[in-house]
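Keep the sequence and the 3D view open as you read.

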Amino acid sequence: MITDLHMPVMDGFQLIRKMREEVGTYNIPIIVNSAISSSASPSDGTMIDSRTYAFELGADDFIEKPLVPDDFVPRVSKYLP
């Protein structure tokens, strides 16, 4: 799964959390492709780096925007069978 953090209905953090809670999706690799300059607010209201928070929720990798194909392709390939 490749996801951004900023989406219209469910943000990427909610998606990661939901996928890690569900038996059928908890083992699917999650790669976040998003700008790292934003910060996240966990349930306790503190502000932390988006990359850090994505990993805490269970993301497997975080690729910063703008996407660089020479970096992106090898990092995604390592999760393919």
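Helices (H or I, at least four residues) and strands (E, at least two) are DSSP runs, numbered from the N terminus. What you see is a predicted model, where local features need pLDDT of at least 70, side-chain atom pairs count only at pLDDT 80 or more, and totals for chains, interfaces and linings use all residues. Residues are numbered from 1 along each chain as its sequence is written, and side-chain values use heavy atoms, with hydrogens and water left out.

Start with D4, which sits in the loop between β1 (2-3) and α1. Its side chain makes the polar contacts below (a polar contact is a pair of N or O atoms within 3.5 Å; within protein, one must be able to donate a hydrogen and the other to accept it, and residues adjacent in sequence count only if both atoms are side-chain atoms).

| Side chains | Polar contact |
|---|---|
| D4 and S34 | 2.8 Å |
| D4 and K65 | 2.6 Å |

Now for the rings: a search of the whole structure turns up one aromatic pair. F13 and Y53 form it, tilted, at 4.8 Å centre to centre and 50° between the planes. (Rings of Phe, Tyr and Trp, its six-membered ring, pair if their centres lie within 6.5 Å; planes under 30 degrees apart are stacked, over 60 edge-to-face, the rest tilted.) The pair links distant parts of the chain, with F13 in helix α1 (residues 12-21) and Y53 in helix α2 (residues 50-57), 40 residues apart.

Buried means under 20% relative accessible area, exposed over 50%, partly exposed in between (1.4 Å probe, protein chains only). F13 counts as buried because its relative accessibility is 11%, and Y53 is buried at 7%.
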